[in-house]
Amino acid sequence: MKVVHTIEELRDQLRGQLRVSFVPTMGNLHEGHLALMKTARHHGDPVVASIFVNRLQFGPNEDFDRYPRTLASDIEKLERDRNVYVLFAPDEKELYPEPQQFRVQPADDLGGMLEGEFRPGFFEGVSTIVLKLFSCVQPQVAVFGKKDYQQLMVVRKMCRQFQLPTQIVPQETVRAEDGLALSSRNGYLSADERAEAPALYRVLNDVKTRLAQGARDPLALEQEAAAVLQQRGWQVDYIALRRQHDLNAPTAHDMQAGTPLVTLAAAKLGRTRLIDNLEMLPG
Ligand code: AMP
């Protein structure tokens, strides 16, 4: 695997390549990330991965400074798996040599809800860095995890609406044995918090079961799920049962018609904010 730090070196490595498959990450790689690399390999060749902790997508009180930066062990993991041909690991000056005055801002009806409501500017930061990285890598395919469900939709819509020639491929969420979705932020959890963390996935599964059994009131399902977590000491940002295709709340007709739904959740355990989601169908 070639490790490059500049856009010029990256372009040198990729000259003439027509089927580049790309996986952007913020590093501190885990099995979820490695699954994306494997999927990328199935969709193109060569695979380019990037590691860049993007300041623009962090709020002023968020964890930019303490976000785990583990480049040496990340490189070891990628070398072991042999799916990635070029790792692009730029520093901030390379990607933001001057203040970023042009930014991509998703409209409020997708970028302002859920994560966008609780993390103002988050999807602007994500969309802007993804466009910049796509411009550096010029991939035919890029793989994003369903773990960040709304992000996947934002990126997909950005590509469509800017007519970018990159196909966005989704990757199923990779979980620990107890159900907790793998995340670089899981490393912030204390031992007790780590033991409690799978409750988030459990309540999502409870919503799925109740829905399959014929529950028809989305608000009641959301409130019950939030109450369970709150009783266990979580601080819930949202638990939202939405339509898969546009993340809007389902109508009574959707509930009758079996429209594909997804429950998205964000909640804090101590200082650590976790997100997860689960796709489901009304029964
Ligand atoms: P991050 O490094 O957290 O910005 O994530 C980089 C990419 O990995 C994004 O497309 C995420 O959705 C994806 N990802 C993170 N965790 C998981 C997971 N547990 N399963 C699948 N994809 C994931």
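## Aromatic cluster

Two rings of Phe, Tyr or Trp (for Trp, its six-membered ring) count as a pair if their centres lie within 6.5 Å, and the pair is called stacked when the planes are under 30 degrees apart, edge-to-face when they are over 60, and tilted otherwise. In this predicted model, local features need pLDDT of at least 70 and side-chain atom pairs count only at pLDDT 80 or more, while totals for chains, interfaces and linings use all residues. Residues are numbered from 1 along each chain as its sequence is written, and side-chain values use heavy atoms, with hydrogens and water left out.

By the ring rule the count comes to seven aromatic pairs. Phe 22, Phe 134 and Phe 144 form one aromatic cluster.

## A tilted pair between two loops

Phe 52 and Tyr 96 form a tilted aromatic pair, with 6.1 Å from centre to centre and 45° between the planes. This pair links distant parts of the chain, 44 residues apart: Phe 52 belongs to the loop between β3 (47-51) and α3 (71-81), and Tyr 96 to the loop between α4 (92-95) and α5 (108-111). Helices (H or I, at least four residues) and strands (E, at least two) are DSSP runs, numbered from the N terminus.

Phe 52 counts as buried because its relative accessibility is 6%, and Tyr 96 is likewise buried, with a relative accessible area of 15%; buried means under 20% relative accessible area, exposed over 50%, and partly exposed in between (1.4 Å probe, protein chains only).

## Charges over rings

The charged end of Arg 69 sits over the ring of Phe 64, at 4.8 Å from the ring centre, and that of Arg 119 sits over the ring of Phe 122, at 4.2 Å from its centre. The criterion is that NZ of Lys or CZ of Arg is within 6 Å of the ring centre and within 35 degrees of the ring normal.

## The ligand and its shell

The ligand is surrounded by 17 residues, of which the closest are His 33, Gly 145, Asp 148, Val 174 and Leu 182; a residue is near if one of its heavy atoms lies within 4 Å. The largest share of this shell, three residues, comes from α2.

A polar backbone atom of Met 26 is 2.9 Å from an oxygen atom of the ligand, a polar side-chain atom of His 33 lies 2.9 Å from a ligand oxygen atom, and a polar backbone atom of Val 174 is 2.8 Å from a nitrogen atom of the ligand.

How values were computed
Polar contact = N/O pair within 3.5 Å; in protein donor to acceptor, adjacent residues only side chain to side chain.
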